[in-house]
Amino acid sequence: MIERRRVSVEGIVQGVGFRPFVYGLAGELGLGGWVINSPQGVVIEIEAPAPLLDTFIRRLQSDLPPHAAIHQLGLEKIAPVGEKTFTIRQSNHQGQKTTLILPDLATCDDCLREIFDPHDRRYHYPFTNCTHCGPRFSIVNALPYDRANTTMRGFMLCERCRAEYENPLDRRFHAQPTACPDCGPQLALLTRKGSALETYYDALLAAADGLRRGGIVALKGLGGFQLLVDARNSDAVARLRALKARYEKPFAVMMPALSQVEMTCQVSDIERALLQSAAAPIVLLRRLGGDIAQPVAPGNPYLGVMLPYTPLHHLLMAELGFPVVATSGNRSGEPIVTDNPMALAKLGGIADLFLVHNRPIARHVDDSVVFALEDDIVMLRRARGYAPAPVPIQTGDQSIIAVGAQQKNAIAIAHHNRAILSQHLGDMDNLAVFDTFRRAVDDFETFHELEPTAAACDLHPDYAATRYAEDMGLPLVRVQHHYAHILSCLAEHRIEAPVLGAAWDGTGYGTDGTIWGGEFLRVGEHGFTREAYLRPFPLPGGDLAAREPRRSALGLLYALYGKDLPRDRLAFTAREIDLLITAVERGINAPLASSMGRLFDAVAALIGLRQQNAFEGQAAMMLEYAQGSAKTDECYPIEITPVTGDQTTGKGIIEWKSMIAAILSESDVQMTAAKFHNTLAALIVTVAQRVGEPKIVLTGGCFQNRSLLEKAIRQLREAGFTPYWHQRIPANDGGIALGQISAALRETNHVSGSSGQTHKHRG
Ligand code: ZN
Ligand code: ZN
Ligand code: FE
């Protein structure tokens, strides 16, 4: 008997070749009906004998195209209309736009074959793509995702490309950025002054020549410019460091092929999968040897490696055959440059040559940075390939915008039961980053036709994002920083409170107006309680302490010994020590902080690893790496004393004094570093046992430390707890906006049911 069904599909079903897949499947089974894009996803009607319809539904879910994902499938039986053929219907784009924008996708194998096939019309064409790969987020100007709404609008499809674009059986059916050498974007090689040296493929060949000779090439990539230099050439890499004024922070490298990665680094199955994934991030890999020049990642046992992810990168790397440094094309602290004139203006003093093209970049998207742990990903910087993929979250009828934190800012919005976290935007101390932030807010609101019912921001009154949020004229939810870190991890894993969170980072504003950062917060159904925290110590110089670990060391020793502290352990002159002690005693710019990040800094300084940071987190990184292959389970003594004056039971202060005293008497740096990490992991278990929640969340910038994370996970499991840590959302402040969204939703839902307290504010 003939039946007809309507199938509503929600998920990642647009811009991934989903309709041609449906068309092909319906054709194969001989079904009548149609498929159409809808604002919520895709709607299909099919008509045939019932068993065939069942087969269709089954295969719809099992045979999906590579990047498609079905989040929800609705089935409805309707009256047959006698349709015998299957068609792809033209979309009408009325109604709410809830359709998702896809992240940019690395070049697929089919496109790769074409660009290296001398008989293919796209041979050596650097802008080849199809529905399974190519730019998305970096070229979209507006929704719906049609060519006219992308930066490809200026390129008229030639006849052959149009035929592919309109053929439902072609891999390029409605591939919005599709192009070929006849109709698409083209390359040019420019001098620093902007005059063209070469065009088309000759531009690429000449750029490769420049790199071979040790030159620095600015390459207009997918989401912005990159600076490239031969990674085997010490002098060339050192020159790039000097010109970029980036002296020690590790550079990432791009390798021509996986085989070369495997000769240079240890690569596990999951790491191989990450390198070759459609997101194609920078993966931190343990180094083995190879020919990478020393200044690429000095003193670092890991190397950030990525594989080519656009045809342009593939062609260039194939031409070169050796690894290149591929670092963001920006001036220190600024967002990466996305257009040609700006590149010449900003990078003219750095790069010798500019390999550019005429496909505009709609917004900057940095390379993402990840590492692998326990057969899964751990995100450090979330941008290309991952943003703006959504996170499911219960929003009810709320629409929230969250503005994030000060460092590593990313913003987020949430409505229609999903949260969307923006790409990494940068540190807001920089004006250019703040500009980018403002554009991202506009961008997000326009794209998603968001009419926010509330905004969420950090509790810190001086964050640029907080001040911006105050002026939005919306009810404002101010969210404590470490609470946001924990909620971010809960939202990512879709787990429910109650949990105990260890939120450890550099600094965050506490509800008591002091600096927090070594926090154990119990998150309940509403709000949180501060169960335990590091005994605060002074940070002479305030924010300067983040750059100078020796300042944290002085603060720590002062808290331990007063003004008779062991001066020989400090990398200051006698006079400097006197001045700093005076400042601490009088409380002049020496705030008390319970910061785990600064405790790491202090220990690194005290054992002589690092006194001044050349980049954020350097001292803590060196302390992690100083462990080498040390094998020990030993810990330092650490106690928890009750919070004085607190009437509730169990709240504790973590006393690190005997640990520091023990560290001062050590002589083996490697063992000290290992025992310090062991102690902190054991501390988490101790507090977990006091609090008694079975679910433990590990969050905050300190958990970017792979060793700390591994040790904490292992010890928690051994003690019978279930640890959760960040995988797809950064543990650092790049994940804060998602936690703010979640806090705002908890608060508004709570408030609508009671008259509970809020921090609402109209700017
Ligand atoms: Zn492709
Ligand atoms: Zn064409
Ligand atoms: Fe933080």
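1. Let's start with S138, which sits in the loop between α3 (109-115) and α4 (159-166). Helices here are DSSP runs of H or I with at least four residues, strands are E runs of at least two, and both are numbered from the N terminus. S138 counts as buried because its relative accessibility is 1%; buried means under 20% relative accessible area, exposed over 50%, and partly exposed in between, with a 1.4 Å probe and protein chains only.

2. A quick word on what you're looking at: this is a predicted model, where local features need pLDDT of at least 70, side-chain atom pairs count only at pLDDT 80 or more, and totals for chains, interfaces and linings use all residues. Residues are numbered from 1 along each chain as its sequence is written, and side-chain values use heavy atoms, with hydrogens and water left out.

3. Back to S138 and its surroundings. Its side chain makes a polar contact of 3.0 Å with that of D104 (a pair of N or O atoms within 3.5 Å, one able to donate a hydrogen and the other to accept it; residues adjacent in sequence count only if both atoms are side-chain atoms). Beyond its neighbours within four places in sequence, S138 is in contact (heavy atoms within 4.5 Å) with residues including D104, L222, I361 and R363.

4. Now have a look at strand β16 (residues 369-373). It is largely enclosed by the rest of the structure, because 5 of its 5 residues are buried. V369, F371 and L373 cover one side, with V370 and A372 on the other.

5. Which strands does β16 pair with? Strand β12 (residues 282-287) pairs with β16 in the parallel sense over 2 bridges, while strand β17 (residues 376-381) runs antiparallel to β16 and is joined to it by 5 bridges. Pairing requires DSSP to find at least two bridges between the strands. V283 has V370 as its bridge partner in β16, and F371 has V378 in β17.

6. Finally, K346 belongs to helix α10 (residues 340-347). Leaving aside neighbours within four places in sequence, K346 touches R331, E334 and V337. The C-alpha atoms of K346 and R610 are 32 Å apart, with 264 residues separating the two along the chain.

Definitions and conventions:
Chains are lettered from A and ligands numbered from 1 in the order in which they are written.
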